[in-house]
Amino acid sequence: MVMGDYLAQAKDMRKSGKQYDVSRAASFAAFDSCYRLFQHNIIPFIIKLGQGNVFASAFSMVGIGKESIAFFAAMERTFLYQFILIPFVYYPVFFTFTGFMQGLNARESLDRAKVTFLPCWKRNLIFWIP
């Protein structure tokens, strides 16, 4: 995550002449470390929930059956993660945590989230849902 942030900051630094924001990079690295612990514990739960049965049942109405259960399981897990966990857990915690670490107050963190949430989530969905 630090390298990705460096590349993003480098682009901004060329345009604006700003210096590398170490507190931003540190906040992203710290968040990523903490989130990995959460992710390590939540993934087994998502696997239990996303067995493919819900999507298989829905798609059986159009003639796609249980033979695709592994595919439906992957779809359900992706759906749970990208449409529930990411917008309702990941991003709120991300903006709160990184805002706090960067010295932003609650209003500034909320304003940053309002501006960047949808573009970030859109990029995330484009990456995970081709």
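Here is a short chat about charged residues in this predicted model.

Biologist: What makes Asp-5 and Arg-24 a salt bridge?

Modeller: The closest N and O atoms of Asp-5 and Arg-24 are 2.5 Å apart, and the cut-off is within 4 Å, so the pair counts. Asp-5 sits in helix H1 and Arg-24 in helix H2, so the bridge ties together parts that are 19 residues apart in sequence.

Biologist: Why is Asp-5 called buried?

Modeller: Its relative accessibility is 4%, and buried means under 20%, so Asp-5 gets that label. Arg-24 comes out at 21%, so it counts as partly exposed.

Biologist: How do you know that Asp-32 forms a salt bridge with Arg-36?

Modeller: Their closest N and O atoms are 2.8 Å apart, and the limit is 4 Å, so Asp-32 and Arg-36 pass. They are four residues apart in helix H2, which means about one helical turn separates them. Asp-32 is buried at 18%, while Arg-36 is partly exposed at 44%.

Biologist: What about Asp-111 and Arg-107, why do they count as a salt bridge?

Modeller: Here the closest N and O atoms are 3.3 Å apart, so the pair is also within 4 Å. Both residues lie in helix H5, four residues apart. The count comes to three salt bridges.

Methods: Residues are numbered from 1 along each chain as its sequence is written. This is a predicted model: local features need pLDDT of at least 70, side-chain atom pairs count only at pLDDT 80 or more; totals for chains, interfaces and linings use all residues. Side-chain values use heavy atoms; hydrogens and water are left out. A salt bridge is a side-chain nitrogen of Lys or Arg within 4 Å of a carboxyl oxygen of Asp or Glu. Helices (H or I, at least four residues) and strands (E, at least two) are DSSP runs, numbered from the N terminus. Buried means under 20% relative accessible area, exposed over 50%, partly exposed in between (1.4 Å probe, protein chains only).
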